[in-house]
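Welcome! Take a look at it first, then follow the topics below.

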Protein chains: 2
Amino acid sequence: MNGLKRTHMCGELRESNIGEKITVMGWVQRKRNLGGLVFVDLRDRTGILQIVFGEKINREAFQKSDNVKSEYCIAATGVIVKRESPNKGIPTGMVELKGEYIKIFSESETPPIYIKENLDTDENIRLKYRYLDLRRPDMQRILRLRHRTAKVIRDFMDEEGFAEIETPILGKSTPEGARDYLVPSRNYKGKFYALPQSPQLFKQLLMVSGFDRYFQIVKCFRDEDLRANRQPEFTQVDMELSFVEQEDVMALNERLLQRVFKKILNLDIKLPIERMPYRIAMEKYGSDKPDLRFGMEINDITDVVENTDFKVFQNAIEKGGSVRAIKVDGAASMSRKQIDKLVEFVKDYGAKGLVWIEYRENEVKSSASKFLSEEDMKAIFNKMKAEPGDLVLIAADKDKVVFDSLGALRVHMAKETGLLKDNNEFRFVWVTEFPLLSYNEEEKRYQAEHHPFTMPMDEDIQYLDSDPGRVRAKAYDIVLNGEELGGGSIRIHDTKLQEKMFQVIGIAQENAWDKFGYLLEAFKFGPPPHGGLAYGFDRMIMFLAKTDNIKDVIAFPKNQNAFCPLTEAPNVVDESQLKELGININRVKE
Amino acid sequence: MNGLKRTHMCGELRESNIGEKITVMGWVQRKRNLGGLVFVDLRDRTGILQIVFGEKINREAFQKSDNVKSEYCIAATGVIVKRESPNKGIPTGMVELKGEYIKIFSESETPPIYIKENLDTDENIRLKYRYLDLRRPDMQRILRLRHRTAKVIRDFMDEEGFAEIETPILGKSTPEGARDYLVPSRNYKGKFYALPQSPQLFKQLLMVSGFDRYFQIVKCFRDEDLRANRQPEFTQVDMELSFVEQEDVMALNERLLQRVFKKILNLDIKLPIERMPYRIAMEKYGSDKPDLRFGMEINDITDVVENTDFKVFQNAIEKGGSVRAIKVDGAASMSRKQIDKLVEFVKDYGAKGLVWIEYRENEVKSSASKFLSEEDMKAIFNKMKAEPGDLVLIAADKDKVVFDSLGALRVHMAKETGLLKDNNEFRFVWVTEFPLLSYNEEEKRYQAEHHPFTMPMDEDIQYLDSDPGRVRAKAYDIVLNGEELGGGSIRIHDTKLQEKMFQVIGIAQENAWDKFGYLLEAFKFGPPPHGGLAYGFDRMIMFLAKTDNIKDVIAFPKNQNAFCPLTEAPNVVDESQLKELGININRVKE
C-alpha cells in the first residue's frame, strides 16, 4: 500500500464531491478504450464508479491503466468531475474520476463466472469459485442483510434483558431424533462427542441455573439426507425464558418479528399476530403451516354428499374419513391435461384420486358426472359458494390423506393461478394447541410430538390417562407464508407430571434416565416454570432477502451431497490421525 | 403459573417501593423460623429480597411457607414494607415483603454444593452440578459480563462497517498445525470433515470476495492436551480488513479495546497503546509477551564481565551467548533456601544455573564470590544501578536460554515480592516486527513463524534470499499484563512474493498447492491487500472478570481430560451409527 489511503468508497460519490481529490480502491468491473481514453468501471462493496484515464490527464497513469483487465484489484487517485454523458442507471452516474494515478495491487485471470446480479450459472461452479460468486452484488447484499438482521435481533434481545450464552458444540449423542454428526475422542478411545442438533437441553439447564432469559444465535447440525433447502450445518436463533406462560413468549416474539421486519424491510407487521389452533389450521388449510396470503379454504362437504351413491365418497365416510373440497375461482376452463396433472399431484400425498367439477357457464363437467346427480352438484356448489367459472376439487379419504392432499393442492393452485405474485406480502400466523402426543401404529404406543418435556394444556391434563390423543400441548409455531419460521413450547417443570408423561409414552423411568438423565437430575433442584422458542435463522434470511435458495444466504454452503466444492471437504486424512483416535475405516464392501 | 405475573425482580426493591403490592419469583436462599414468623430470603439473578410470612399476615401463606427449603423455586405476593432491622449488607436491606401469598413451583433436594460466592468446592463436582454452580452470583455475573462484552464488540464492529459473516464449522483437515477434531462423513465413507482451528483461510477468501471488513465471534477447536487454561472448544473474536496497512489494523483495535474496557470496567485506556519491537521485548523483558506493570528490566552485562575469570561467563560469551541480569529491589535478604528455589526455577527454562549477588548493607554475598573480584561486583552494581538491599540475578548462556530464564524469573520475582497486587492495572503493549521465519534445526530449513501468508516488512524483503533469519514480518500481537490477548498480521497478496516465500521455506509449489490450494487459486483473481487480527475471547473475559480460571468464563466447559462431567460426553454410541459412517473402533490394544 506504501502509504496510499482510501478516502472514499466508490458507490458514495455524488455531484457534491465534484472538485475533490480522492482515492478509491476496488476491482475492475470493465475497461473500455474509447476516443483515445481508457474508461475503467471500478467496483467496491458499495457500488461502481467510472474512472477515466487519458494522455492529457496523466500520461503514466494512462499507460498503466491500459494494462488492467476485469477483476484486477487497483487503486486510483484523481479529481471528481461532472460526467459529460451521465449514466442514470447507477447512483454515481453523474460524476467520474479523472485518473491521475493508478496502482495495480494484483492481477486477475479471466474469472470463470460473471461478476453480475442474478447469475444463472451451474451451482457447483458457483460454489467452487465461491470467492468470485460472493463478489456479485446480490450476494454482497444478502450477506450484509444477514449481518444486519443478526444485529437487530441481538439489540432487541439485549434490550429485553436476555443474555447470549454459548453452549457446547462438542456435546453428547442422543439416541433419538435426527442423525448426529459424531466426533471421535482421542482421550477416550471408542467414545464420541456429537455436534448439537439444537441447544435444547442446555438452554433448559440454564433456566434451572436461574439465568431467566437466555438466547443465542448458534450453529446446529443434522446429518440428514439433504433436501433442497437443508444444509448439514444451519443457524438457529434460540431462546428460553423462565417464569413465563405461552402468551408471554408469543408476545415477546411478535415484538421481535415486528422489529426485524421494520428495520430490515421497512414493513409494518400489525400486532397481535393472528392465532390459529392446530385443528382449525388442518381443517381449513390442510396444514399446520397454513399460507394465509390467499383464501381457497378447505370445506367439509361430507354432510352434503353422504347420501349420494358415489362409492368413493361412501367408502371414505364409512371408514371414518371425510369428503372435503376446495374451490378454485375462475379455473373451470382448465384442460383435461391440466386436470390430469392435478390428479397425479395429489397421489404424492397419499390420495387415491381427485374428484373435480368444472362449473362452466353452460355446463358442468366432472370426473364423477356418472355418479353425482344434478342436485348433488348443486348442493356441492351451494356449500362451496361456487359460481359459474369456478373449479371444485374434492378429496375423499381418511382425514389425514384429505388434509395432506388438499392442503398441498391448495398451495399448488394458488401458485398456478397467480395468487402468489406479490413477494412483499408477509402473512404471519401462530399455530397453537398442537396435539401433545401422536399414536405410533408400529410400536403401538403414543409418542411425544415435539419432545417429552412439552407441557400439556392445563385443561387437558385430565385426559392424559383416559384419552391421550386428545391432550393438546402448550406448543406454538410461528408460520410465515406457509412456512414454519420458528416453534417452541412451554416445558414441564413438575417432576410428577414428567413421570406421568414418560408413563403415557411408555418410556420406563430407567430409559428416560439413560436419555435425559442430567436434565432429570437437574429437575430435582427447584426448576422454574419455563418455555422458549427457536427460529431457523437461514430461513428467516431467505424471507427477508426474498430468495428461495438456502445457499444464497450462507457464505460457504455445502452442496446436495454435503460436500464443499471450494475446499473439497470432507477429505481423506492421514492414517496416523485415525490411529490416534483409535478408529479404522471400514474397507469391507457391504 | 395460572396467570400469576412477576411484577418486580428481587434485587431492585428499595424504600421507594414501600406500599406497593408486588410479586417476585425465584429461589429460596434460606429460610428461618424466628419469633413465630417465617423469614425467607428469595434470590433471583438480580439479588436477594427478604420475605416475611406470619399467622397474622396471611395464615395459608404462612403455613405453606414453613414447608419451603433451600433452593425451592417459588413465587410470593405481598406488600413491600420498611424493615424493622435493616440489613445494610444488601441493596434491598431496607425493605421486606409481607408475604400474603406463596406458590411453590417446584421442590429441591439438598443441593450438593453451596449456592454462594467464591465457592471452594472440587471442580469436578462443580462441573457435574454445573446448573447449580451457575446459580452462584459470581458465575451469574461473569456470564452476563461475557454477554455484555460480546455486545459491546459487536456494536463497535457494526459501527465501523464490519459485517459478521459465519464461516463453516464442518471444514477441511489441514495437515499442519495443532491436531484437528475430525468428523466422519456418511456420504463419503472414509473421508472426514475437520472442525476449524480458526477461520483464517475463510476470512482471507472473504477479502478476495470484496467484503472489505469481516468479523466474527466464533467457536474454534483444537484437539490438544489440555493445559490449565485451554479448552477443546474456545471462542475467538476474529477480524480481517482489506486495503489496510498494519497501522490501520492496530489503530482500529486500540479503539475497540478502549471501548470494551470503558464500557465493561469503566476504565480509560490511553491511546495510542505503546508499541515495542520484538527485539526490544526480548532484550528488556525476555519475552514476546512482556508484562509492563513493573520494571525489573533485563540488562546486558556481557561487556562488564567479559574480562573476569569466571568460566561460566567466559564459556557463554565464547559460544556466542551473553551474560544478562535483573535486579530485584530490596530482595538482598532472601534466605539461602529461597535462593535455591530460584536456581531450580530457571532450570525449567533451560538454564544450567543462576548466579546471584546479594548487595547487603555491610557485605556482598554471592554464589560467584570465589570467581568475581570486588571490582567486578562494583562494576556489575554500577551497570545494574543496584543499591544496598538489592538482589542481582545473572544468567549466562545462549541468548534464547538467557531470555527465557530471566523473562520467567522476572515475572516470578514480581509475584513473589508483591509487585502484582493491584488487579485493576491493565498494561497493554503492541509487540511488533516479529521475525518472519525461524530456523528449524531438525529439518535444516526455515519455517514460517506465524503462517506462510504473512507479509514481510517492506525494507526486509531484500534479505529473503541472503539472510532469511533477518527478515521481520508485518505481524503484531496485543499483549496485556504479560499475556497475549490477540495477534495478527498483514497477509501477502502478491503471487510472486508468495512463491518466493514458499521457495524460502522449502515448500515445493505442488506441496503448497496440496495444503492451501483453494486460497492460492483464489489469489489468481485480484486479491486485495489485506490483514487482520484475532482475540482469544475467553481470555479477554478472564481479564475483564478478573479470574484466572478459564472454566469460570464458559457456561459448560470440559474438564482437563476434555470430558464433561455434567453430560458425560464423550460417550459410547450405537454400532449402527458407526456402520453408517463406515468406521470401526480399533479394539486392538497397542
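Chain A and chain B bury about 11200 Å² between them, with carbon and sulfur atoms giving 57% of that area; buried area is the accessible area (1.4 Å probe) that two parts lose on being put together, summed over both. This is a predicted model, in which local features need pLDDT of at least 70 and side-chain atom pairs count only at pLDDT 80 or more, while totals for chains, interfaces and linings use all residues. Residues are numbered from 1 along each chain as its sequence is written, chains are lettered from A and ligands numbered from 1 in the order in which they are written, and side-chain values use heavy atoms, leaving out hydrogens and water.

**Where the two chains meet**

- On the chain A side, Tyr131(A), Phe243(A) and Phe525(A) lose the most area to chain B, together 7% of what that side buries.
- The meeting involves 124 residues of chain A and 124 residues of chain B, where contact means heavy atoms within 4.5 Å.
- The interface of chain A and chain B holds 18 salt bridges, a salt bridge being a side-chain nitrogen of Lys or Arg within 4 Å of a carboxyl oxygen of Asp or Glu.
- Asp248(A) and Lys5(B) are joined by a salt bridge between their side chains, at 2.8 Å from N to O.

**Helix 4 against helix 4**

- Helix 4 of chain A and helix 4 (residues 137-159) of chain B have axes that come within 11 Å and cross at roughly 140 degrees; helices (H or I, at least four residues) and strands (E, at least two) are DSSP runs, numbered from the N terminus.
- That angle makes helix 4 of chain A oblique to helix 4 of chain B, since angles under 35 degrees count as roughly parallel, over 145 as roughly antiparallel, 65 to 115 as roughly perpendicular and the rest as oblique.
- Axes here are lines fitted to C-alpha atoms, for helices over the stretch in contact, and angles run from 0 to 180 degrees between N-to-C directions.
- From helix 4 of chain A, the contact is made by His147(A), Lys151(A), Arg154(A), Asp155(A) and Asp158(A), and from helix 4 of chain B by His147(B), Lys151(B), Arg154(B), Asp155(B) and Asp158(B).
- This contact of helix 4 of chain A with helix 4 of chain B has no nonpolar, 2 polar and 8 charged residues; Ala, Val, Leu, Ile, Met, Phe, Trp, Tyr, Cys and Pro count as nonpolar, Asp, Glu, Lys and Arg as charged, and the others, Gly among them, as polar.

**Helix 4 against helix 6, within chain A**

- The axes of helix 4 (residues 137-159) and helix 6 (residues 246-265) of chain A come within 10 Å, crossing at roughly 140 degrees.
- Helix 4 of chain A and helix 6 of chain A are therefore oblique to each other.
- Residues in this contact include Leu145(A) and Phe156(A) in helix 4 of chain A, and Leu252(A) and Ile264(A) in helix 6 of chain A.
- By class, the contact of helix 4 of chain A with helix 6 of chain A has 9 nonpolar, 1 polar and 5 charged residues.

**A salt bridge across the sequence**

- Over all chains, the count comes to 114 salt bridges.
- One of them pairs Arg491(A) with Glu240(A), with the closest N and O atoms 2.7 Å apart.
- Arg491(A) lies in strand 21 (residues 483-491) of chain A and Glu240(A) in strand 10 (residues 233-242) of chain A, so the pair ties together parts 251 residues apart in sequence.

**Backbone details**

- Leu271(A) and Pro272(A) are joined by a cis peptide bond, with omega about -5 degrees.
- Glu433(A) is not a glycine, yet has a positive phi of about 55 degrees.
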